[in-house]
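Subject: Two-chain model for you to look at

Hello,

Here is the model I promised. Please open it first, then read my notes below.

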Amino acid sequence: MNTSRFSRWLKSLPTHIVLIGICLMWILPTIGLLVTSFRPLQDVNETGWWTIFSKQKGYEEYQSSCAPCHGEDGNAVPSANLTDPDLVGKYRRSFNLLSLLNSEIDGQPHMESNAVPDEYAAADILSYMRRISGIEERPMFTLNNYIDAFTGYRGRNNYLSDCESGEQSLDLFCDVRDLANPRGMGRAFFNSLAVAVPATILPILFSSFAAYAFSWMHFKGRKWLFALLVGLQVVPLQMTLIPISRLYAQLGLNGTFLGIWLFHTGFGLPYAIYLMRNFLGSLPREIFESAYLDGASHWTAFIKLAIPLSVPALASLAIFQFLWIWNDLLVALVFLGGEHPVLTYQIGNMVTSLGSGWHLLTAAAFISMALPMVVFLVLQRYFVRGLLAGSVKG
Amino acid sequence: MDKNIPGIMRQKRWVPWMYLLPALVVMIVFIVYPGLNTMFLSLRNDTNSDWASVNCSPDKPCWGIFENFRYALTSPVMKTAFLNNIKWIVIMVSSTVGMGLLIAVLADHVRYESIAKSIIFLPMAISFVGAGVIWKFMYNFGSGQVQIGFLNAIVRAFGGEPISWLTEPRVNTLALIIVGVWMWTGFCMTILAAALRNVSTEILEAARVDGANEWMVFWKIMVPQIMPTITVVVTTMVINVLKIFDVVYVMTGGNYGTEVIANRLYTEMYASYNPGRASAIAVVLIIIIIPAIIFNIHKFQEQEATR
């Protein structure tokens with residue numbers, strides 16, 4: 001019994017190794033982003049995010065070079081207490097420390113028989129001592145990056161400390177108004193919502209009407225019109241950008257929310273009609289028949305029967321459309337641009353203008369990812385269903 | 001289809017059109033009109049003041065009214081874009097479908113199936129821009145001692161020289177494709193997993209009883225049975241890859257030899273302000289994509305019919 005279970009376990013071992021290995025590979029980049037977004041600015045640029053799992057920077061070098069005399073905590077020699085900020089503060093750069101290590105104390109070489117550490121090791125030791133002495137008290141994790149990203153802070157320190165000392169830049173007020181800073185992610189978050197919510201509701205509304213007509217009404221050319229509309233899924237988005245932005249320029253709709261709502265509605269419709277028609281059409285006809293026999297009009301049947309019954313399909317559709325719009329960059333770039341920057345636009349800008357401001361970029365990216373991730377994890381079932389129903393979307 | 005509608009529900013002739021009107025109007029304005037207009041613009045010059053043939057100069061090759069298409073099909077930068085798109089298609093489609101199938105099969109045998117699938121699927125919920133930031137950080141190249149990019153840290157750990165993944169022409173397109181694979185494998189996995197669930201367990205059991213090993217069961221029974229789904233997934237992925245834009249735009253902007261068709265279209269339109277050329281690229285794009293979509297709809301209907 002036991003051996004058979006063991007051999008079965010042994011047989012399935014490769015499966016587990018491969019699968020868990022793939023999963024780790026898949027999640028590792030996201031974890032890197034998440035960890036980095038919570039690290040203090042200086043740490044982000046000095047050490048890789050994975051080092052949070054190891055000892056602090058300089059710990060190893062300190063242990064081998066200094067700990068034998070000064071002790072593990074640095075306070076073993078009373079006359080040279082390394083946890084004393086005044087003492088450590090005298091050595092601002094690694095060459096200050098190196099010259100001390102190379103000099104003699106009471107006629108003896110400082111390091112006695114030990115080798116003097118090289119330049120890089122000395123720098124690490126110094127940064128370690130600055131930490132244990134409390135000169136540079138850096139927490140392991142901080143929320144500052146998120147605050148800075150939300151308010152659009154672009155200075156050298158961080159938003160909170162600049163506001164405290166009154167050195168904030170001219171476009172910051174240090175109160176709730178900063179959430180509306182055009183450079184900030186806070187404003188962009190609301191812009192993204194302002195784009196995505198109406199642009200999700202409109203196509204669902206229109207497609208429900210149309211799908212009901214296609215499913216339960218008689219009219220000439222029903223079949224070919226449906227085929228035609230579904231066929232419109234073929235048209236790639238890129239193909240329509242140019243004429244529409246010219247049209248919008250004439251109508252003054254470029255850079256307005258109305259313009260982008262209508263565009264997303266137009267593009268969401270073919271797939272939405274297709275999905276809703278498939279769902280509504282598969283409902284049993286008897287319920288509609290009996291409702292009609294009871295004297296219900298089409299309008300009543302639509303509102304009281306079709307809509308409540310198609311909630312699962314509506315949910316799939318809503319999630320799809322919402323995520324698609326939330327994550328879209330191209331349409332936002334073309335029709336909204338910098339007038340009402342959305343999250344994707346803002347991050348795209350930060351990537352090109354900030355270069356290596358990783359502490360801000362990672363926080364900003366995570367702000368934009370948080371909502372879709374939650375939506376996805378909570379409503380995964382509907383998401384997958386919609387995916388399976390419409391794998392033809394072009 | 002008509003017979004299924006209860007006859008009693010007949011209505012006035014104009015009623016259905018009231019239900020259809022909003023959708024029809026929006027779709028005509030935003031899809032039909034611009035689609036046709038793009039075709040027209042592709043034959044015009046950069047300011048839409050005359051036909052494209054006025055851009056011809058006498059001593060150079062000229063395609064007359066199709067001058068923009070000469071650019072879209074023969075210019076060096078578009079050739080790079082086409083080559084890169086082919087690279088994208090070959091590598092990304094085979095990797096996403098292969099990995100998706102592998103994970104779908106393996107996850108079926110373990111108890112943490114749903115967790116594993118969620119992890120693989122999660123990148124689908126993220127924007128390309130977010131993924132661009134995640135991977136730009138992975139690929140980060142520090143010129144000094146410190147490497148805060150994970151990949152270069154690994155390279156260093158094995159004693160190699162750090163690589164500038166995104167600007168080095170030998171690897172940068174591949175580096176971008178990896179991002180695409182990371183994002184789209186979940187899509188392939190989900191659809192293939194659903195198809196695998198429909199493979200009759202009786203046939204699988206019968207084969208196993210007859211002494212077939214898992215490897216043979218997979219290749220001889222599972223793969224042939226889900227072949228229709230695999231073809232649909234492959235063509236869907238080909239279409240998606242042809243339209244790839246955001247990854248390239250965010251990570252390299254199409255520089256360092258990573259140009260692709262859709263990014264070129266954007267650049268022509270909004271950086272060079274040449275709607276004629278941009279439209280020509282759009283038309284070329286749709287001409288490439290249409291066969292794949294027709295094939296896909298056809299396959300999908302076949303599947304629906306046999307369900």
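A nonpolar core here means a set of buried Ala, Val, Leu, Ile, Met, Phe, Trp, Tyr and Cys residues joined through C-beta atoms within 7 Å. Keep in mind that this is a predicted model.

**Cores**

The largest nonpolar core has 174 residues. Inside it, A:Ala210, A:Ala364 and B:Leu192 have the most contacts. Helix 7 (residues 172–197) of chain B gives the most to this core, with 16 residues. From chain A, the core draws at least three residues from each of domain 2 (144–180) and domain 3 (185–389). There is also a second, separate core of twelve residues. Among its members are A:Leu82, A:Leu97, A:Ile125 and A:Tyr128.

What does B:Leu192 contact, leaving aside neighbours within four places in sequence? The partners are B:Gly100, B:Leu101, B:Ala104, B:Ile226, B:Thr229 and B:Val233.

**Chain A against chain B**

The contact between the chains involves 82 residues of chain A and 81 residues of chain B. On the chain A side, helix 1 (residues 2–37) gives the most, with 14 residues. By class, the side of chain A that touches chain B has 54 nonpolar, 24 polar and four charged residues.

**Domains of chain A**

The assignment for chain A gives domain 1 (59–132), domain 2 (144–180) and domain 3 (185–389). The centres of domain 1 and domain 2 of chain A, taken over C-alpha atoms, are 37 Å apart.

**A helix pair in chain A**

Two packed helices are described by the angle between their axes and the distance between the axes. Take helix 6 (residues 94–102) and helix 7 (residues 119–132) of chain A: their axes come within 9 Å and cross at roughly 105°. The range for roughly perpendicular is 65 to 115 degrees, so helix 6 of chain A is roughly perpendicular to helix 7 of chain A. Helix 6 of chain A brings A:Ser94, A:Leu97 and A:Leu98 to the contact. Helix 7 of chain A brings A:Glu119, A:Ala122, A:Ala123, A:Ile125 and A:Leu126. That contact has six nonpolar, one polar and one charged residues. Two of the names return from the second core: A:Leu97 and A:Ile125.

**A covered helix in chain B**

Helix 2 (residues 67–74) of chain B is mostly covered, with six of its eight residues buried. The buried ones are B:Glu67, B:Asn68, B:Phe69, B:Arg70, B:Tyr71 and B:Ala72.

Buried or exposed? A:Trp358 has 25 other C-beta atoms within 10 Å, so it is buried. Not counting residues up to four places away in sequence, A:Trp358 touches A:Thr36, A:Val44 and B:Phe137. The C-alpha atoms of A:Trp358 and A:Leu41 are separated by 8.2 Å, though the two are 317 residues apart along the chain.

*B:Met237.* Look in helix 9 (residues 214–242) of chain B. B:Met237 counts as buried because it has 23 C-beta neighbours inside 10 Å. Leaving aside neighbours within four places in sequence, its contacts are B:Val93, B:Thr96, B:Val97, B:Trp184 and B:Cys188.

*B:Asn172.* This one is in helix 7 of chain B. It has 22 C-beta neighbours inside 10 Å and so counts as buried. Not counting residues up to four places away in sequence, B:Asn172 touches B:Trp165, B:Leu166, B:Thr167, B:Thr252, B:Tyr256 and B:Thr258. By contrast, the C-alpha atoms of B:Asn172 and B:Asp46 are separated by 32 Å.

*B:Tyr256.* One of the contacts of B:Asn172, B:Tyr256 is found in the loop between helix 10 (246–251) and helix 11 (261–270) of chain B. Most residues other than glycine have a negative phi. Phi of B:Tyr256 is near 55°, a positive value. B:Tyr256 is partly exposed, with 14 other C-beta atoms within 10 Å.

*A:Phe53.* This residue sits in the loop between helix 2 (41–46) and helix 3 (59–65) of chain A. How many C-beta neighbours does A:Phe53 have inside 10 Å? The count is 7, so A:Phe53 counts as exposed. The C-alpha atoms of A:Phe53 and A:Ile20 are separated by 20 Å.

Best wishes

How values were computed: Residues are numbered from 1 along each chain as its sequence is written. Chains are lettered from A and ligands numbered from 1 in the order in which they are written. This is a predicted model: local features need pLDDT of at least 70, side-chain atom pairs count only at pLDDT 80 or more; totals for chains, interfaces and linings use all residues. Two residues are in contact if their C-beta atoms, placed from the backbone, lie within 7 Å. Helices (H or I, at least four residues) and strands (E, at least two) are DSSP runs, numbered from the N terminus. Ala, Val, Leu, Ile, Met, Phe, Trp, Tyr, Cys and Pro count as nonpolar, Asp, Glu, Lys and Arg as charged, and the others, Gly among them, as polar. Axes are lines fitted to C-alpha atoms, for helices over the stretch in contact, and angles run from 0 to 180 degrees between N-to-C directions. Angles under 35 degrees count as roughly parallel, over 145 as roughly antiparallel, 65 to 115 as roughly perpendicular and the rest as oblique. A residue is buried if 20 or more other C-beta atoms lie within 10 Å of its own, exposed if 12 or fewer, and partly exposed in between; C-beta atoms are placed from the backbone. Domain bounds come from an automatic or database domain assignment.
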